[in-house]
Amino acid sequence: MNIGIDKIGFYTPDQYIDMEKLAEIRGVDPAKYTIGIGQEKMAVAPLHEDAVSMGANAALAILDDEDRAKIDLVLFGTESGVDHSKSGAVWVHHLTGIQENARSFELKQACYGATAGIKMAMGHIALNPDSKALVIGADIAKYGLNTAGEPTQGAGAVAMVLSSNPRILALDNDSAALTKNISDFWRPLYSDYAIVDGKYSNESYLSFLNDVWGVYKERTQRDLKDFEAVCFHLPYTKMAKKAILSLTAEASKEDAERLMSHYQNSIIYNKQVGNVYTGSLYLSLLSLLEQAPELKKGSRIGLYSYGSGAVGEFFSGVVQPDYKNYVNKGNNEALLNTRRELTTDEYEELLEKALPKDGSNIEMNTEQIKDGKAYLAAIQDNLRKYAVK
Ligand code: COA
């Protein structure tokens with residue numbers, strides 16, 4: 001029985017900052033951001049959007065009534081959780097109208113959380129072939145104004161329905177994971193901003209890739225020639241270029257060129273959104289599926305997930321016939337192309353805005369919110385109130 005991704009949806013806030021304009025106010029050559037880092041636009045979340053509302057919106061974009069009746073597992077991967085106790089999954093379950101006899105919980109391991117969800121969902125479906133699982137990766141990446149990480153921020157969510165006989169990507173049951181206790185990136189409980197040792201994080205990302213790819217190859221006897229494309233976790237799009245160069249250092253010219261040409265398709269969405277942490281790898285997969293010319297039947301895609309701290313995993317899947325009929329290229333392009341550009345002043349003000357931390361109430365201004373979208377409506381008596389407009 002094949003198990004894998006049957007549907008995939010995406011959401012990002014409807015406002016962004018242009019990277020060239022950000023470079024200008026930071027006194028940096030714009031090419032550093034657009035070429036050196038590989039980002040064109042960066043999504044910025046308004047106060048009424050958080051991991052929960054964005055995750056719900058990504059799911060609302062794909063769920064139908066049959067999914068709502070069959071999903072009995074809701075897995076919410078995030079490192080931008082909104083409560084120390086209650087999981088984002090419970091709110092998403094409610095906001096999307098999934099039937100009540102479901103398990104819902106949150107998974108955390110930096111940017112690896114959604115991959116953990118996928119692996120768990122595969123096991124669940126293997127035992128319960130008629131079930132479906134909803135797996136979400138939703139995050140706001142924030143390093144703060146005037147930091148080295150500033151041009152690699154972003155906000156957004158990816159939601160996937162996993163099922164048997166999936167229509168988009170059948171996942172192989174072969175994978176290789178690695179865990180090591182390192183300190184390349186973390187976010188203390190008291191801080192809204194992540195702390196990152198960027199150079200060390202890049203090195204760790206690549207050394208974990210080298211390790212898990214080696215184990216994967218040995219276990220499966222597959223090599224680069226068996227992959228039409230490889231998608232990567234993308235803290236910024238240049239990172240995957242480094243990864244491909246490292247993977248293909250001793251590869252044939254044909255393999256290296258094929259992977260590099262698909263890389264261009266796999267970064268189109270991430271370039272316009274920035275880092276969405278847990279969802280980044282899956283946004284890259286979505287970009288490849290929607291933006292590359294139709295991949296041949298049976299094409300295998302490699303997936304590299306990396307969550308600082310750190311856990312890395314290399315796994316793979318096979319695209320399904322007619323998968324192009326089950327993705328939503330038009331909707332996702334419209335979502336990206338209808339966003340409002342923030343001025344640099346608006347961006348700076350927004351990035352520093354935070355919800356009250358002293359228990360006081362707040363009511364959100366709902367004018368900007370589009371019909372059908374989930375949002376954080378208020379905090380009252382220390383309780384977050386979400387709604388769908
Ligand atoms: N034109 C073109 N490229 C330029 C340039 C210019 N004018 N100026 C600089 N660059 C290139 C550099 O050569 C470098 O490329 P390389 O990495 O291929 O060598 C790249 O732009 C970045 O420059 P660098 O000086 O290394 O930038 P930085 O010290 O400001 O840091 C990051 C960049 C990515 C390390 C930093 O933004 C960061 O830490 N981000 C967070 C990373 C993260 O999220 N990690 C955790 C999850 S995996």
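**Reading the cavity and the ligand site**

Modeller: Cys-111, Thr-115, His-233, Tyr-277, Thr-278, Leu-281, Tyr-282, Ser-305 and Tyr-306 line the largest cavity. A cavity is a set of points, on a 1 Å grid over the protein atoms alone, where a 1.4 Å probe fits but cannot get out; lining residues have an atom within 4 Å of a point. The model is predicted, so local features need pLDDT of at least 70 and side-chain atom pairs 80 or more, while totals for chains, interfaces and linings use all residues. Residues are numbered from 1 along each chain as its sequence is written, and side-chain values use heavy atoms, without hydrogens and water.

Biologist: Which elements supply at least two residues of the lining of the largest cavity?

Modeller: Helix 11 (280-291) and strand 12 (300-307) do. Both are DSSP runs (helices H or I, at least four residues; strands E, at least two).

Biologist: How many residues of the lining of the largest cavity are nonpolar, polar or charged?

Modeller: That lining has five nonpolar, four polar and no charged residues. Tyr and Cys count as nonpolar here.

Biologist: Which side chain has an N or O atom 2.4 Å from an oxygen atom of the ligand?

Modeller: Lys-199. For Tyr-143, a polar side-chain atom lies 2.6 Å from a ligand oxygen atom. The side chain of Ser-201 has an N or O atom 3.3 Å from a nitrogen atom of the ligand.

Definitions and conventions: Polar contact = N/O pair within 3.5 Å; in protein donor to acceptor, adjacent residues only side chain to side chain. 1 Å grid on protein atoms, 1.4 Å probe; cavity = no way out; pocket = protein on both sides within 12 Å on 5 of 7 lines; lining within 4 Å.
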